[in-house]
Amino acid sequence: MTLLSHDRYCDEITLQVDELRSLLTSGADLSRTVPTCPDWTLEKLVRHVGGALRWAEALVRTRAQENIPRKGIPLAGGPEEQGDAAALDAWLAETGRMLVDTLREAGPDTKVWTWAGLLDSGFWARRMTHEITIHRADAALTVGRPYEVAADVAADAVDEWLQIVEFIQRARVKQDVRELSGPGRSIHLHATDGDPELHAEWVIEFTEDGVVWRRGHEKATVALRGPLTSVLLAFYNRLPLDSPGLEVLGERELLEFWLEWATF
């Protein structure tokens, strides 16, 4: 597993912001409910994403050594105008530029507070890349538009999610993962497309000490197979396991239980 470069993350944030903006400027109904986040409308989703980007930008720009409450960050909640796609689009565009400029200036190694113990600006470049990548999928599903993501970004998003699981385990902020454990119980994620050199396969094992994972092709209790983008979205609970192109082999109940447990 190799992280993408800092510049690659910055480029991808720019791309993802532009892709999300294109949904706003296509005449989408901002009041439409997001099917994968039913407590949100499309407008609330965009405000959430932009707010997260503004928060990360403020942390990195100020070299924060502790958390900064979002309520203290100018325009973190979005523009004052409600239901105004043009105002929302302009705010999101400015937000993306601010974050990318700040991340490029800081580089990946500037010391800054994070919630995961990885105390550098590179954490925020990676985290915000995948924050907007996944939420853009929510937006695309809301308006019925196709969704794709670059293979290296999708694979890195799976890696990052599994590393977040490791952090959650260490921090004990969720019920103990031992309830998933059992002799030889494991999940295999298998992307059936893309460059073989990407090695887009994962093995997740449930041990007495918690979840351990690695890239690899091995037999498991249950396997989820399909195109990499679909595997990513199913792994993030954005696509049903019965979606076209996906295949579940083995103990489906274990995979379903994992997906319920790993929803943060």
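How near do the axes of H4 and H5 come, and at what angle do they cross? They come within 10 Å and cross at roughly 110°, where axes are lines fitted to C-alpha atoms, for helices over the stretch in contact, and angles run from 0 to 180 degrees between N-to-C directions. H4 and H5 are therefore roughly perpendicular to each other. For that label, angles under 35 degrees count as roughly parallel, over 145 as roughly antiparallel, 65 to 115 as roughly perpendicular and the rest as oblique.

A quick word on the ground rules. This is a predicted model, with local features needing pLDDT of at least 70 and side-chain atom pairs counting only at pLDDT 80 or more, while totals for chains, interfaces and linings use all residues. Residues are numbered from 1 along each chain as its sequence is written, and side-chain values use heavy atoms, with hydrogens and water left out. Helices (H or I, at least four residues) are DSSP runs, numbered from the N terminus.

Here are the helix pairs side by side.

| Pair | Axes come within | Crossing angle |
|---|---|---|
| H4 and H5 | 10 Å | roughly 110° |
| H5 and H6 | 9 Å | roughly 25° |
| H1 and H4 | 9 Å | roughly 25° |

H5 and H6 are therefore roughly parallel to each other, and H5 passes H6 in a left-handed crossing (the near helix is turned anticlockwise from the far one by less than a right angle). On the H6 side, the contact (heavy atoms within 4.5 Å) is made by Leu-228, Leu-232 and Phe-235, and the H5 side includes Trp-161 and Leu-162. By class, that contact has 10 nonpolar, no polar and no charged residues. Ala, Val, Leu, Ile, Met, Phe, Trp, Tyr, Cys and Pro count as nonpolar, Asp, Glu, Lys and Arg as charged, and the others, Gly among them, as polar.

H1 also passes H4 in a left-handed crossing. The H1 contact with H4 splits into 11 nonpolar, seven polar and four charged residues.

Terms used:
Helices (H or I, at least four residues) and strands (E, at least two) are DSSP runs, numbered from the N terminus.
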